[in-house]
Structures are given as structure tokens and as C-alpha cells.
Amino acid sequence: MDVDAIIVGAGVVGLACARSLAQAGRSVVVLEKETRIGQGVSSRNSEVIHAGLHYAPGSLKARLCVAGRRALCDYLPARGVAHERCGKLIVATSEAEIAALEALMARGIANGVGGLRMLTSAEARAREPQIACAAAIHSPDSGILEAHGLMLALQGEIEDAGGAIALAAPFAGAVREAGGWRVRVGGEAATTLLSERLIIAAGLGAQACARAVEGFAAALIPKLHYGKGNYFALTGPAPFRMLIYPAPAPGSLGLHYKRDLGGRAHFGPDLEFVETEDYAVNEARAPLFYEFARRFWPGLKDGALSPDYAGIRPKLHGPGEAQGDFIIAGEETHGLRNLVALFGIESPGLTCSLALGDHVAALLEERA
Ligand SMILES: Cc1cc2nc3c(=O)[nH]c(=O)nc-3n(C[C@H](O)[C@H](O)[C@H](O)COP(=O)(O)OP(=O)(O)OC[C@H]3O[C@@H](n4cnc5c(N)ncnc54)[C@H](O)[C@@H]3O)c2cc1C
């Protein structure tokens, strides 16, 4: 056996899986097709640490978000990763939206999210003087982090534990042999490696990687939808210290406001289903951003927003379909020994990452 575990994908989730296994004493190799870590979904998101209100009670998203946020609370300061527990306001911008806030509050409590408080509009304004709302939920545990710093910290821990990250090393396929997975690695230094365990944490590439595993039934590979999210940045001082989110909307947490760790204000992401991996900001969406932001910030001036960046969610549902959970497909799903494939790791995957890593490692260790 060359190695105990091969992990495909050096995004935040693959790195967290590798860290958990390496710290459990396993030899690990992370395969990454790009020349640097974290160039996929993990570098094109809101960098928000979610508290876990939005997800269906009992779902993987809810459980791993709450556990992942708690784990980050200890991890980020201990590893010197930039972050801020700035808190979040989820706002009802009309009386009609208050019922949705109350349902969200009940869901948050059911998920075990601490410190939630319903605020009147005057109480919300006392915290954020420029906010316009009919009511708000205050979530004190929400925050922001520097995603790349988190990934560098994970890389450091993997390497300290003797693990390796192979860059420009695309996963090209795997076949089950007696004792392990024979993994084909492409790129300039193409080779094969024999590994006892195999984890596919390839973000937008997860479905293609699963198709390249011999014996992975096509019917068990969920369809991938690209859920693009555009962001616009604000020129001028940030109007709010806290994160500001709307009352829940189908398909995403809704376009929100964020002040980043450098103090710059951003609005996004919207949700636009696209056919290709195209990261150009769709400037035609600007009027929607003004309209949305002015619901809770009437002070937004014409011309103050400029195109910023875009990310693509690896969604498992398409337009009009109900939002689902993460899929973590182990042997009980596909019948293939010591293989775990992760599909649909959209938001809150960054918040979940440390808990996801431990969850996947535990799944494999139980069967080892
Ligand atoms: C617009 C947007 C906003 C979001 N906001 C938040 C947020 O605020 N908070 C939060 O918690 N989550 C958020 N998320 C979700 C979060 O960013 C993701 O869940 C997380 O980054 C997924 O990490 P990953 O490691 O699974 O994927 P990735 O970071 O995409 O990593 C997968 C890696 O696999 C590599 N790869 C693919 N194919 C191969 C192959 N064949 N061989 C080798 N390597 C391969 C890719 O190059 C990539 O590096 C957001 C996502 C989006 C798109």
C-alpha cells in the first residue's frame, strides 16, 4: 500500500478531511488539479461563519454547521486565522415578512443555535443606526473569516502530521484492487498510487470524479447544477458593522450585506443558474442589487455599487426544485469499500469544514 488515504481536492473540505485523517495517524495524499490550493469554490464565497439557523433540523447542513462553527471558534484564534465575530441581523423589511422571521427563529432554536433574540425595529436601529426594518433576529455568534488563511492553516497541519499535497495532480480515475484503490493521477508527472481509502471532495468536479471510479453506479451520481452568485462592492464607507441578511428566500440564504475584514462593504450573492463555469460578474443584475439593498438601506446612492466577483455553488437542485442537503455517499450508498464521495457541498460548507472533515474520517475509520 502506498498510502492510507487519497483525498481528491485541496479546497477547504478536502483539506479538512485530510487533516482529520492525518491527525488520526493515517498517511494521506491530497490530489489537486490546480497549481495552488483553494482555487475553487472555497476562494469565491462570502466567507461568512454561519450560526446554523437556516437549515432543516436534523439535516447534515444543520448539524455540521452548528458543530463546525463551534470548532472554528476554537480553531481560528488558536491558529492565528483572521476572523471577526461581528454578529448578524436577519431583517424583515415589511410586516408581512415577520412570520418568516419567527419561523426562522424557531428553526434556529431547534438546531441548537445559541444567543438568538428577536429585535423590534427600534432595537435593531440602536445597534445599526442606518438600518430600515420592521423587525430583526440578532444572531451574535455569526461572523466572518479569511478562507485562504483557514486553508493554509489546514495545509500546515496536514504537512506537520506527515501528509502531502500534490499540486497540478488531477485525479484521472480509480479501480478497486485487492486491498485498496488503484488511483490514476494525470498531469505532467502522471502516475498511479495504491491507497486503502479514497475521498472525493472535488467541489464542482465531484460528479466527474465519481464517474471516473470503476463500479460507481451512474444512477447514484446526482445531477450537478451551477448556481452562480454575483457580488457587487460598495464605493464609500461601510454602512453596517454586522452582517445583514434578508428573511429567507427559496434556493439560497438570499442576497446579503457583508463588511469584510478589511472594512469594505459587499452585497451578494444572488442566485443565477448557468450552464458553464463562467466567473464574469453579470452586470445586468445591478438593478436587482440596488432594489434589494434599498429595502433595508434606503441611504444607498445611485452609482455606488460596482461589479466585484462571482462564485458558483455546486447545487444538486435546479431552478424551481426544493433545496436539499449535502450528500456524503459512503459504502452504504454505493457499495464500494472505503470510498466516500461528497456532492453538493454548497453553503454552509466553509462553516462546516472542520466538522465535515471529522465526520468523513469517522465514517472511514469505522469501516477500516
Ligand atoms: C457564492 C457562494 C457563497 C458562499 N458563501 C458561503 C459562506 O458565506 N459561508 C459558508 O460556510 N459557505 C459558503 N459557501 C460554500 C463554501 O464556499 C463551499 O461549501 C466550500 O468552499 C466547498 O469547499 P470544497 O472543498 O468542497 O470545494 P472546492 O473549494 O471547490 O474544492 C474542490 C477542489 O477540488 C479540485 N478538483 C476538482 N476536480 C479535480 C480532479 N479531477 N483532480 C484533482 N482536483 C480536483 C478543485 O480544483 C478544487 O480545488 C459559498 C459558496 C458559494 C459558491
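This is a predicted model: local features need pLDDT of at least 70, side-chain atom pairs count only at pLDDT 80 or more; totals for chains, interfaces and linings use all residues.
Local features were considered only at pLDDT of at least 70 and side-chain atom pairs only at pLDDT 80 or more, whereas totals for chains, interfaces and linings use all residues. Residues are numbered from 1 along each chain as its sequence is written, and side-chain values use heavy atoms, with hydrogens and water left out.

The protein chain contains 9 helices and 20 strands, these being DSSP runs numbered from the N terminus (H or I of at least four residues for helices, E of at least two for strands). Its C-alpha trace spans about 65 × 40 × 40 Å along the principal axes. The radius of gyration of the protein chain is 21 Å, which agrees with the value near 21 Å that a compact globule of 368 residues would have; the radius is taken over C-alpha atoms, and the globule rule is 2.2 Å times the number of residues to the power 0.38.

The chain is divided into domain 1 (3-45 + 148-223 + 323-367) and domain 2 (88-140 + 225-315), with bounds that come from an automatic or database domain assignment. The centres of the two domains, taken over C-alpha atoms, are separated by 32 Å, and the contact (heavy atoms within 4.5 Å) takes 10 residues from domain 1 and 13 residues from domain 2. About 1100 Å² is buried between the domains, with carbon and sulfur atoms giving 57% of this area; buried area is the accessible area (1.4 Å probe) that two parts lose on being put together, summed over both. On the side of domain 1, Arg44, Leu204 and Glu346 supply 52% of the area buried against domain 2, more than any other three residues.

Across this interface 1 salt bridge is found, defined as a side-chain nitrogen of Lys or Arg within 4 Å of a carboxyl oxygen of Asp or Glu. The side chains of Lys315 and Glu346 form a salt bridge with an N to O distance of 2.5 Å. In the whole structure 17 salt bridges are found, including that between Arg69 and Asp141 (3.6 Å, N to O). Arg69 lies in helix α2 (residues 60-78) and Asp141 in the loop between β7 (135-139) and β8 (143-145), so this pair ties together parts that are 72 residues apart in sequence.

Backbone geometry was also examined. The peptide bond from Gly268 to Pro269 is cis, with omega near -10°, and Pro269 lies in the loop between β16 (265-268) and β17 (272-274). A cis peptide bond also joins Ser347 and Pro348, with omega about 10°, Pro348 being located in the loop between β20 (339-343) and α9 (349-367).
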